[in-house]
Amino acid sequence: MKRIILVGKPNCGKSLLFNQLTGLRQKVANFPGVTVELKTGRFDQFEVVDFPGTYSLHTLSKDEEIAITKLNQSVDDEQTALVVCVLDATRMERSLVFGLQVQLLAKQHNKSVVFVLNMIDEVHRFGLDIDTQALEQELGSPVFALSAKSLTGLAEFQKALPVIAAEPEQHQVKNDGVEKAQLLNRARELSQNLGINVDLVLKKQNSIDNFLLNNIFGGIAFLAIMFFLFQSIFTWATPLMDGVEYLIGELAVWVTGFTGEGMLTDFLSDAIFGGLGSFLVFVPQIMVLTLIIGLLEDSGYLARAALICHKPLSYFGLSGRSFIPYLSGHACAIPAIMAARTIESPRKRLITMMTIPLMSCSARLPVYALLIAVLIPENTYVWGLFNLQGVAFFGLYLFGILMALLVSLVMHHATPQKDDKSDMPFILELPTYRLPHWKPLLHRVMTSGKQFIRRAGPVIFFVSLGIWILGYFPQDQGLQGSWLGQIGHVIEPVFEPLGLDWRYGVAILMSFLAREVFVGALGTLFGIDGADENIGGLAANIQADGLSLGAGIGLLLFYVVALQCVATVAVLRAETGKSRIAWGLFVAYGLLAYIIAASAANLID
C-alpha cells in the first residue's frame, strides 16, 4: 500500500487533520511533545502516517532526533507517494522554515510535496485571506487552504489528495528550490508578502496572557483552575457514580434472583458484583478527569501552565517541561514517564521520571473516592458548588505533588551535578487560544473509560476470583477460617501499626498488580464476610465495620506515596535501562509510605 506522510510543526493542527482524513480520533493537544509515536490510518487506498510535530530537521532533543530519523527513512522509501506539510496559516513564517526544509529533502529523494494552510478559518475571522495561487507559484508545489476544525476547504482537499498521490510525478517541485542558508530569509519573505500580520493574531492572545501570565494573578488563576479540576471530579461525577451504583445493585438483584441459593449465587454476589462491580462505580470519575484535562490541553492553557511552573520547578532541579509529564501522570504514570523523553537534560529527565509515580494517577481514583466517602461527610458550600469531599480530594493530589517536589529537591542536591551540555534554555511556543474540537474530545473521554475498564477489568476479575476461592473454602468455616483468612493472619502483624486488619493487608498486597485492585479486593472480602445485602455500597460496609479516622487517613497517604503498580516499575526499568532504579524506587517509596501511614494512624487516633 502506498503511503502519504503528514508532517508539520507542533500546534499547526496536523493531528486533527489526520483524524479528519482517516476517521481515527487521535489525541490532539496544544503543546509540544504530546505526540511521541507515529500514528497511522487509512485514507482512500493510501496509508496515512502522522509524524510527531517538529520545528526543524536540525534536531535539538532526543524526541526530535527519533522523529527526524524516521522521516528521512520514510521519504527515502519507495512506498512513500507523497509528503503533506501542514502550515499554520496564522503564523506562516515559523511553519515555512520547516516546510521549506521538508521540500528540499523531498526534492533530493524525487518526492512530491503538498502544502496545507491549516486554520484558515482563523484568518477569515480577522476579515483577511491568503492568496494560495500566488503562494503555490512561489513554492512550486500545490497549496490548499483549509480548516481541519471548521471543515472549511476540507472536502476539496480530500477530493484532490488521492489524485495527487496516485500521480505524484506530475506534481514534482517546479522551482529550483532554496539553499539551506537562505531558508530563513525565504520563509520571512513569503510570510511578509503573502501571509497575514501576526500582530493581529497576537493582539487578542496577549491581552489574555497579560492576565493569565501575570506574576500575581496568573498564579492565583493557575491554583483556581487546578482546584476546579479536582473539585469537579467529585461534584460532576457524583450523579453518574450514583447511577452506576444503582444499576449494579439492581442488576445484582435481578441476576441472583434466577440462580437461587448456592455457590453460584455466592460467586456472582461476592466476586462479580461485590468485587468487579465496586470498581466499575468509579469509571465516571476517570472520564470527568479526562474531560477537564482535555479542555485545558485543547484550549492552549497547558502551555501557559508549563511557563508559569518553570521558575518554581527550577528550584527543585526541574524545568517547565516537567509540568506536562507531571500533569499527564494524573491520568497514568506510564505515558507520563514516556512523555519525559521530551526533556532535553538527561539529569532533569531522570529526576522527572523517578518522581512521576508520586503523581496521583487515575488508578488511585477508586481508592481515594472509596476512602474519602467513608471518612469525609458530604457537606457542600456556596450553593452546592464546593464539596468537602472534593476539597479532601484536592488535598490528596496536592500532597502527592508536594512529595514529588520534595523528593526532586533531595535528588537534585544529593546527586552530583556534571557539566551537562545537553541542558538548554527553556523555550516553549505559546499556541493561540482556541475552542476545543468537541468530537475528538468526547471520543477521548469515552476511550479513557473503555481503556480503564479494558486494562483493569481482567485483572480485577481474576483477583476477585482468586480472593473468592481462597475466602470461600473450606466451606462453612467462615472468612476467618478460610485459606485467605489463614494467609491474612500471617501478614496481619505487618499492618497492625497502620491500624489495619488482615483484610486490608490482603487488599494492599493484591493492589501491586494495579492500584484499583484494592477496591475490588475489599469488595470481594466484605461480600464474603456477610455484607452482600448491600451490594455496590462498599463504603457503607466499611463504615459499618468501624475503620478509624487515623487508619483511614494513613491508608490514603500510603496510596499517595507507595509505588503500587507493577506496570509502572516495568516502564521505569525500560526507560532508565536500570533495574536497580526501578526496584529501588519501589522499595524506597513503599517504606516511605509505610512510615507516613503509621505516623498518621498513631497521631490521629
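Tutor: What follows goes through strands, cysteines, salt bridges and the surface in turn. This is a predicted model, in which local features need pLDDT of at least 70 and side-chain atom pairs count only at pLDDT 80 or more, while totals for chains, interfaces and linings use all residues. Residues are numbered from 1 along each chain as its sequence is written, and side-chain values use heavy atoms, with hydrogens and water left out.

Student: Which strands pair with β4, and in which sense do they run?

Tutor: Helices (H or I, at least four residues) and strands (E, at least two) are DSSP runs numbered from the N terminus, and two strands pair if DSSP finds at least two bridges between them. Strand β1 (residues 3-8) is joined to β4 by six bridges, and the two run parallel; Gly8 has Val86 in β4 as its bridge partner. Strand β5 (residues 112-118) also runs parallel to β4, with seven bridges between them, and Val84 stands opposite Val114 in β5. Between β4 and β5 the chain passes through helix α3 (residues 92-108), and this β-α-β crossover is right-handed, a term that applies if, with the strands pointing away from the viewer, the path from the first strand over the helix to the second runs clockwise.

Student: How many residues of β4 are buried?

Tutor: Buried means under 20% relative accessible area, exposed means over 50%, and partly exposed is in between, with a 1.4 Å probe and protein chains only. In general, the side chains of a regular strand alternate between the two faces of the sheet. In strand β4 (residues 80-88), nine of the nine residues are buried. Helix α16 (residues 346-355) is mostly covered too, with seven of its 10 residues buried, among them Arg347, Arg349 and Ile351.

Student: In which sense do β2 and β3 pair, and what lies between them?

Tutor: Strand β2 (residues 39-43) pairs with strand β3 (residues 46-50) in the antiparallel sense over five bridges, and Lys39 stands opposite Asp50 in β3. The two strands form a hairpin with two residues between them, and Asp44 in the turn has a positive phi of about 55°.

Student: How many disulfides does the structure hold?

Tutor: A disulfide is a covalent bond between the sulfur atoms of two cysteines, and the criterion used is a pair of cysteine sulfur atoms within 2.5 Å. The structure holds zero disulfides. For Cys85, the closest cysteine sulfur is that of Cys12, at 7.7 Å, which is too far for a bond. Cys85 is buried, at a relative accessible area of 1%, and Cys361 also counts as buried, at 5% relative accessibility.

Student: How many salt bridges does the structure hold?

Tutor: A salt bridge is a side-chain nitrogen of Lys or Arg within 4 Å of a carboxyl oxygen of Asp or Glu, and the structure holds 10 of them. One joins Arg125 to Glu122, with the closest N and O atoms 2.7 Å apart. An α-helix has 3.6 residues a turn, so residues three or four places apart point the same way. Arg125 and Glu122 illustrate that spacing, since both lie in helix α4 (residues 120-125), three residues apart, about one turn of the helix. Arg125 is partly exposed, with a relative accessible area of 48%, whereas Glu122 is buried, with 12%.

Student: Which helices hold Asp209 and Arg304?

Tutor: Asp209 forms a salt bridge with Arg304, and their closest N and O atoms are 3.0 Å apart. Asp209 lies in helix α8 (residues 198-212) and Arg304 in helix α13 (residues 301-314), so the pair ties together parts that are 95 residues apart in sequence. Asp209 is buried, with a relative accessible area of 6%, and Arg304 is buried, with 0%. Salt bridges can also share members, and Arg3, Glu47 and Asp77 are linked in such a network.

Student: Which residues form the nonpolar patch on the surface?

Tutor: Patches are made of residues with over 30% relative accessible area and no salt bridge, where like charges are joined within 9 Å and nonpolar side chains (Val, Leu, Ile, Met, Phe, Trp, Tyr) within 5 Å. Accessible areas come from the Shrake-Rupley method with a 1.4 Å probe, and for residues only the protein chains shown count as cover. Phe211, Ile216, Phe217 and Ile220 form the patch, with about 430 Å² of accessible area together. Phe217 lies in helix α9 (residues 217-235) and counts as partly exposed at 48% relative accessibility.
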